[in-house]
Structure formats: C-alpha cells, structure tokens
Amino acid sequence: MFRLIDFEYHGKTVFLRADLNSPVTDGKIISDARFRAVLPTIIYLLEHGAKLVIGTHQSKPYKGDYITTEQHAEILSGLLGQEVEYVEDIFGKYARERIRALKPGEAVVLENLRFAAEEVKYKPIEDCEKTFFVRKLVPLIDYVVNDAFAATHRSQPSLVGFARLKPMIMGFLMEKEVRALTRAYETQEKPRVYVLGGAKVDDSLRVAENVLRNGRAEVILTGGLVGHVFTLAKGFHLGDTNLEFMEKKGLLELVDWAEEILNDFYPYVRTPVDFAVDYRGERVEVDLLSEEKWLFDEHPILDIGSRTIEKYREVLMGAKIIVANGPMGVFEREEFAVGTIGVFRAIGESPAFSIVGGGHSIASIYQHSITGISHVSTGGGAMLSFFAGEKLPVLEAFRESYERFKRLSKGEQPDEEHGD
C-alpha cells in the first residue's frame, strides 16, 4: 500500500479524509483526542507544501451531536498554530473555488461530509466513484490521503470513491493502527487474551467466534452487556429487571448464538462471577451464586464485581497479547467505573503487547490517567470488524489503488471500465 513518505507534495492538492467525529456536549466538542491523533499527518503534509483539503464527518442526521465542522476548523487552527479555514460547502461551486485558491502550506476543512446525501449510504466502490461528491472534486485533487481508521469498515464516497481515480495513501495514523492490529491478530505469541465489553454485543460475538474458531485466542474475558449475554447463555438468571432491559435492547435473541459459541469453546469464555447493582443509589456487589442474587430481580446490574476484577487481573498479568474493546459497566457513574478502571489498569500493568479500542474505552483511559497500554486505537466498530476477520472496505480500496497506480507507473493499461 502507498505510504505518506512515497510522494512529493509541494504544490499538490491533497484531499485528507480524517475521522474527527468527536463527543459533543451542549453543542460543544469536549475532546480533541482524534484531532491530536491525526496531527502528525496534517503537519507532514503542510510542511511539505501540500494544498490541504480536510474532510470529516460528525455524527449522523437527526442526532444531537450532528453539527457543522466550524468547531473542527477552530480546534485544528489552535493545535497547528495557523488558520485552517472552515468552508461551508462540500463539493459545490464555493468549495471548488476555495480549493482552487489554496496556496502551498494552506489548509481548509470542508463542511460535515454527512450533510451530503450521497455520503450517508454504504455503496460498492463502483457506485461511490459515480457520485457527484467524487466527480466534482476529483479534477481538483492530485492525491488522496486516508487517515480515517475509525471509519475503515464503511464504504462511502469520501472513504473509497477516489481510490481508483487518484493514488490513495495511508496517513501515519492509519499505518500505525493497521500495523498494531495486524501484529495482535497474526502473532503466534501465547496466551492471547481478548476482553470484550460494552454494548456492541453482536460485533463482539463475531470477534469471539472468529478468534476462537481460527485459533487466534486462548481466553475471552467478558463484561458489560457482552458479559450479560454470555452469562445468560451459561444458564444463570440475571433477574427480571435486567432481562426486561436486555429484551428492549434486542439482546435476548443473541443468547442462542452465544450458547453455540460456548458449546464449542466453553472453557475459553470467562464470564463475571459477581456483579455490582444499583441498590438505593449505591454500589452493592452480589455474587452470582449467593443468596443475595434476588437483588438482580429489582435492581439493574451496572458493573462487574471485585472478585471478577481480581480473576480477570490474574489472567491479564499472564498474557502475551491483549485485545480489549468496550467498558465493563456504566463507567460514566463513578461508583460503577470500578470494573472498567480495574481491568484497564491491569492491562496497562501487564507485560503483554496490548490494544484497547472503542470510544468509551478511550474516554475512560484518558479520564483516569491509565498508562502502559501499548496501543490505544481510535476505532471501535472498525477494530471489532478487523478482529472479526471481516474485509474492511477502506483497506481493500488501499490495495486496489496501489495495484492500479503501480501498473500505470509501469506503462501498463488500466482496466477499461474505470480507465482514465
């Protein structure tokens, strides 16, 4: 695949697809973590004289954090110490004029890419190439740099549509992410421990099934709603209140799938032995086999318990490779962040090569100053798709772009269907 250092950028117009999708409270972006992650790529391009056009999405239509990219431009300007202009357009006449007017070393941020209807749908690369989004911008662009690792599992015009029309190059963040995840997935170092928590239960089940079936993991530790589903699949009752909650979330229909995984790999999937419930506004820990388990009937389970944390810690300290995604409980409430903090601290203290991903996981790591984790991934869904063994559209597009433009550089004819 093409790397950033493979090209000269002076005077060239570069479309940089970043993922600056960030948490928003009361209309304000509250974290610049993703901005800082992509900063090395932006600085490299500007210092090498690129005319930089930055594109990012922010949330989805009709959600509370679906805002313009004006703040994104302000944050980037502050981090870079130079103006990054906010362009209130995506591929219309105004945007194209601003792109043409760029000078070497200057940068603009286009409007929230998801304000364009074409960008909301997932389509094959052939359809993405034909969109107005791509057709209007491609004549103005020399290179495309993609550093949006967190969106690699999506096939949308800004992510894959330029790949066969212009060289698509990996940004530094993308390269770092792919290298770290590939190392963890393909290594033969053992034991390899996966920690699956949070609320993306179907994605986590796909990961568990893939890594166990293909001999890429020795142990799966579960927490959050993933842990709930596996606990039910093992035949334990979690009480009416928690079952009702899981039914509303559509999670009970996943229990049979979890049971199938357990039938084939029972000893390798560990589930919590105790949980913490909200009892009259306080944290109360309940052993799964104790007489107090009646508390599950009327009180929500919001975290794993202390015995589970200690058991998981023992496993993690002996691991060689750790892949973790998602919190152990409702970490937003301090008294129920105990499990998430305990497990993530153990990952940081373990001598293993470790990867932790997922927006909530990252927030918890920064919030509680947890150190020692080898690689903190900017992608949650993308990381889960990678470890589930699925083909990621953006990585496939990188390969297609590389092969096509390598052929062209040797004087070979491109395929007719998308020839120049």
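Rings of Phe, Tyr and Trp count as a pair if their centres lie within 6.5 Å. With that in mind, select Phe2, Phe7, Tyr9, Tyr44, Tyr143, Phe172 and Tyr402: they form one aromatic cluster. Keep in mind that you are looking at a predicted model. By the pairing rule, the count comes to 15 aromatic pairs.

Next, select Phe15 and Phe162. Their rings make a tilted pair, 5.4 Å centre to centre with 50° between the planes. Phe15 sits in strand 2, while Phe162 is in the loop between helix 6 and strand 9, 147 residues apart. Are these two buried or exposed? Phe15 is buried, with a relative accessible area of 0%, and Phe162 is buried too, at 1%.

Now move on to Tyr185 and Phe386. The ring centres are 5.9 Å apart and the planes stand at 70°, so this pair is edge-to-face. Tyr185 belongs to helix 7 and Phe386 to helix 16, so the pair ties together parts that are 201 residues apart in sequence. Both Tyr185 and Phe386 are buried.

Last stop: the second largest pocket, with about 260 Å³ of space. Among its 13 lining residues, Thr182, Glu186, Phe386, Leu395 and Arg399 lie nearest the centre. Colour helix 7 to finish, as it gives the most to this lining, with 4 residues. The lining divides into 6 nonpolar, 2 polar and 5 charged residues.

Methods: Residues are numbered from 1 along each chain as its sequence is written. This is a predicted model: local features need pLDDT of at least 70, side-chain atom pairs count only at pLDDT 80 or more; totals for chains, interfaces and linings use all residues. Side-chain values use heavy atoms; hydrogens and water are left out. On a 1 Å grid over the protein atoms alone, a cavity is a set of points where a 1.4 Å probe fits but cannot get out, and a pocket is an open set with protein on both sides within 12 Å along at least five of seven lines; lining residues have an atom within 4 Å of a point. Grid points are joined across faces, edges and corners, and a volume is the space filled by probe spheres set on the points. Helices (H or I, at least four residues) and strands (E, at least two) are DSSP runs, numbered from the N terminus. Ala, Val, Leu, Ile, Met, Phe, Trp, Tyr, Cys and Pro count as nonpolar, Asp, Glu, Lys and Arg as charged, and the others, Gly among them, as polar. Rings of Phe, Tyr and Trp (its six-membered ring) pair if their centres lie within 6.5 Å; planes under 30 degrees apart count as stacked, over 60 as edge-to-face and the rest as tilted. Buried means under 20% relative accessible area, exposed over 50%, partly exposed in between (1.4 Å probe, protein chains only).
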